[in-house]
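These are notes for a colleague who is opening this entry for the first time. Please keep the structure in view while going through the points.

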Amino acid sequence: PRPPAPPPESQATSTTGFVIAPGGLVMTAEHGVSACAEIEVVAGLARLGGARLVARNEDLDIALLAVPGLERRALPVAAQLRLGEEVVAIGFPGRGVASDRPTATLGNVSAEGAGRAAHVLQYTAPTQPGKSGGPLLDRRGQVVGMVFAVRDTRREQLAGLLPSQNVNFAVAGPTLHRFLLDHAITPAQAPAAGAAMDAAQIVDQVERSVVQIICHAPRAGVTPARAAR
């Protein structure tokens with residue numbers, strides 16, 4: 001059954017998440033769900049209500065949702081990453097784009113410890129608004145990062161500087177791995193002898209595990225610390 005429609009005066013924003021453990025556990029960016037009164041998860045043609053926030057770390061921008069009725073394969077998380085590694089960013093670019101499927105873009109891990117933050121990596125795959133919380137995957141289909149921000153080039157333009165191109169940020173896979181262990185969740189692992197895949201094969205393998213998250217009506221008196229990017 002479809003959850004009841006939110007009241008007309010409510011506001012809604014969308015972001016992305018991915019299944020991280022059995023039982024409908026979804027990882028996403030904390031800034032996209034921290035101030036929601038109701039959370040709805042869209043998985044293909046299924047619209048699932050009743051999602052609840054079960055763990056969060058505002059400093060790391062990581063959140064875990066429990067989504068009743070969501071049974072999808074958990075994506076494996078890489079405990080290590082390599083500078084220059086090819087990656088695929090998968091997510092939903094926003095509610096203005098009507099699609100039951102996520103989009104995928106290609107790039108590389110371009111820096112570790114971006115902005116002196118050890119838990120952040122920088123990557124070059126083009127990233128649109130709404131993809132926050134989506135997975136960044138290596139060629140074995142492992143999560144090497146979780147998207148959370150893109151560089152704001154408007155300030156650079158106002159300062160008379162050439163705008164940066166494809167400068168995007170993700171929470172690094174090892175930090176996601178440790179977050180799960182600290183919450184007594186055993187991360188899924190890729191097959192030991194898993195072969196490298198091309199982008200199309202990666203999307204085919206992980207697409208069902210990537211979901212769109214719709215945040216309805218912030219709680220009264222609560223202003224989100226950061227808007228979904």
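Is C36 buried or exposed?

1. C36 counts as buried, because its relative accessibility is 5% and buried means under 20%. Please bear in mind throughout that this is a predicted model.

2. C36 is bonded to C215 in a disulfide, with an S to S distance of 2.1 Å. A search of the whole structure gives 1 disulfide. The two cysteines come from distant parts of the chain: C36 belongs to strand β3 (residues 36–43) and C215 to strand β13 (residues 210–218), 179 residues apart. C215 has 8% relative accessibility, so this cysteine too counts as buried. The disulfide is left-handed, because the torsion about the S-S bond is about -125°.

3. Next, the sheet. Six strands form a closed barrel in the order β7-β8-β9-β12-β11-β10, with antiparallel pairing. From one strand to the next, the twist averages 45°.

4. Of its 6 residues, 5 are buried, so β7 is largely enclosed by the rest of the structure. It pairs with β8 through 6 bridges, in the antiparallel sense, and V88 has L106 of β8 as its bridge partner. With β10 the pairing is also antiparallel, over 2 bridges; here A89 is the bridge partner of L136.

5. Strand β10 (residues 135–137) is joined to β11 by 3 bridges, and these two strands run antiparallel. L136 stands opposite G145 of β11.

6. Two helices deserve attention for how they lie against the strands. Helix α2 packs on the sheet, where it touches β11 and β12, and its direction makes about 35° with that of β12. Helix α3 (residues 199–206) lies across β7, β8 and β10, and runs at about 40° to β7.

7. Which residues of α2 are buried? In this helix, residues 173–182, they are G173, T175, L176, H177, F179 and L180. In an α-helix there are 3.6 residues a turn, so residues three or four places apart point the same way. The buried residues of α2 pack against β1, β2, β5, β6, β11 and β12. After the helix comes A184, which has a positive phi, near 60°.

8. Apart from its neighbours within four places in sequence, it is in contact with M27, I62, V77, V143, G145, M146 and V171. In soluble globular proteins, nonpolar side chains tend to be buried together. The largest nonpolar core here has 34 residues, and those touching the most other members are I20, M27, L64, M146 and L176. Two or more residues of this core come from each of β1, β2, β6, β7, β11, β12, α2 and α3. The most is given by β11, with 4 residues.

How values were computed. Residues numbered from 1 in each chain as written. Predicted model: local features only at pLDDT ≥ 70, side-chain atom pairs only at ≥ 80, totals over all residues. Heavy atoms only, no water. Buried < 20%, exposed > 50% of the residue type's maximum accessible area, 1.4 Å probe, protein only. Contact = heavy atoms within 4.5 Å. Disulfide = S-S within 2.5 Å. Pairing = 2+ DSSP bridges. Axes fitted to C-alpha atoms, helices over the stretch in contact; angles between N-to-C directions. Core = buried A, V, L, I, M, F, W, Y, C linked by side-chain atoms within 4.5 Å.
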